[in-house]
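Dear colleague,

I am handing over to you the structure shown below. Please read the notes that follow it with the structure open beside you.

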Amino acid sequence: MRALLTLCRDEDPGVRDAAVFSVGTLDEAYSPAVRAALHERLDDEDEDVAEEAVRGLANRQDASVLTRLIDLLETYRRPHVLTLSAAAVLGRPELLPVLAVLAAEDPDDPGIAAALAACDPVRRVERATLAWHLLEELVFRRPDLDAALVWPRFSADLHLEIHHGSGPLTYHADGLLGRAGQDPSRAAALVDAECPPGGG
């Protein structure tokens with residue numbers, strides 16, 4: 001980690017970019033030194049380095065990055081995928097106005113749509129409620145399955161994790177519910193059918 005923090009200040013922007021990416025995506029890297037290094041790179045002269053720093057701080061739910069994130073979203077007609085990912089992970093309603101403008105200009109962009117959904121508190125509650133009902137339905141239908149809802153660190157996605165048979169099986173909760181027409185019972189039935197009793 002000490003080596004990476006040093007490389008975050010390297011003269012070569014490619015080296016800085018790789019170092020900031022590495023620091024920003026390490027789950028265990030939550031120290032004050034890490035946050036300070038990411039903050040230092042927010043105004044890096046290299047756009048990719050700055051965007052990696054924004055994402056790294058958003059991953060850590062650092063609300064102080066909101067202003068810089070909004071600036072990046074407003075500056076580019078098609079924001080970088082990392083910037084949209086940062087918005088989704090941070091999930092703050094303050095981002096809704098700029099995301100709504102982007103969605104109106106490009107309604108088919110999945111990254112914009114995902115960030116918009118993640119930042120809308122009403123939709124977040126709806127998504128979480130549907131996922132919870134899915135888990136309840138699955139536990140009722142298949143008590144033999146070891147099922148849990150998991151929200152991975154540095155992610156805006158909720159996963160349904162099943163321990164069955166030879167190993168774990170992970171479903172993207174929104175995707176599974178989408179396949180089932182947003183019906184938790186039908187989604188549970190899909191999992192039931194894909195996980196036959198006995199682990200076969």
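To begin with one local detail: which backbone nitrogen lies 3.1 Å from a polar atom of the side chain of Asp109? The backbone nitrogen of Ile112 lies at that distance.

The model is predicted, so local features need pLDDT of at least 70 and side-chain atom pairs count only at pLDDT 80 or more, while totals for chains, interfaces and linings use all residues. Residues are numbered from 1 along each chain as its sequence is written, and side-chain values use heavy atoms, with hydrogens and water left out.

Overall architecture

The secondary structure of the protein chain comes to eleven helices and three strands. Here helices (H or I, at least four residues) and strands (E, at least two) are DSSP runs, numbered from the N terminus. Along the sequence the pattern is α-α-α-α-α-α-α-α-α-β-β-β-α-α. Taken along the principal axes, the C-alpha atoms fill a box of roughly 60 × 40 × 25 Å. Of the 200 residues in the protein chain, 40% are buried; buried means under 20% relative accessible area, exposed over 50%, and partly exposed in between (1.4 Å probe, protein chains only). Contact means heavy atoms within 4.5 Å. Among contacts between residues at least 6 apart in sequence, 52% join residues at least 24 apart.

The nonpolar cores

A nonpolar core is a set of buried Ala, Val, Leu, Ile, Met, Phe, Trp, Tyr and Cys residues joined through side-chain atoms within 4.5 Å. The largest one has 33 residues, and Val54, Leu69, Leu73, Leu95 and Leu99 have the most contacts inside it. Two or more residues each come from helix H2 (13-25), helix H3 (32-40), helix H4 (47-59), helix H5 (66-75), helix H6 (81-90), helix H7 (96-105) and helix H8 (110-119). A second, separate core has 15 residues, including Leu145, Leu176, Ala180 and Val191. In soluble globular proteins, nonpolar side chains tend to be buried together.

Leaving aside neighbours within four places in sequence, Leu99 is in contact with Leu73, Leu84, Ile112, Ala115, Leu116 and Cys119.

H6 is mostly covered, with eight of its ten residues buried. These are Leu82, Thr83, Leu84, Ala86, Ala87, Ala88, Val89 and Leu90. Their cover includes H4, H5, H7 and H8. After H6 comes Gly91, whose phi is positive, near 60°.

The largest pocket holds about 210 Å³ of space. On a 1 Å grid over the protein atoms alone, a pocket is an open set of points where a 1.4 Å probe fits, with protein on both sides within 12 Å along at least five of seven lines, and lining residues have an atom within 4 Å of a point. Grid points are joined across faces, edges and corners, and the volume is the space filled by probe spheres set on them. The lining has 17 residues, of which Ala88, Ala114, Ala115, Ala156 and Asp157 lie nearest the centre of the pocket. H6 and H8 are the elements that give two or more residues to this lining.

Asp109 lies in the loop between H7 and H8. Why does Asp109 count as buried? Its relative accessibility is 14%. A polar contact is a pair of N or O atoms within 3.5 Å; within protein, one must be able to donate a hydrogen and the other to accept it, and residues adjacent in sequence count only if both atoms are side-chain atoms. Besides the backbone nitrogen of Ile112, the side chain of Asp109 reaches the backbone nitrogen of Gly111 at 2.8 Å. Not counting residues up to four places away in sequence, Asp109 touches Arg78 and Leu84.

Arg142 lies in the loop between helix H9 (121-141) and strand S1 (146-150). Arg142 is buried, with a relative accessible area of 5%. The side chain of Arg142 makes a polar contact with the side chain of Asp192 (2.8 Å), and a polar atom of the Arg142 side chain lies 2.4 Å from the backbone oxygen of Cys195.

Gln61, in the loop between H4 and H5, has a positive phi near 55°. Gln182 has a positive phi of about 65° and sits in the loop between helix H10 (173-179) and helix H11 (184-194).

With kind regards
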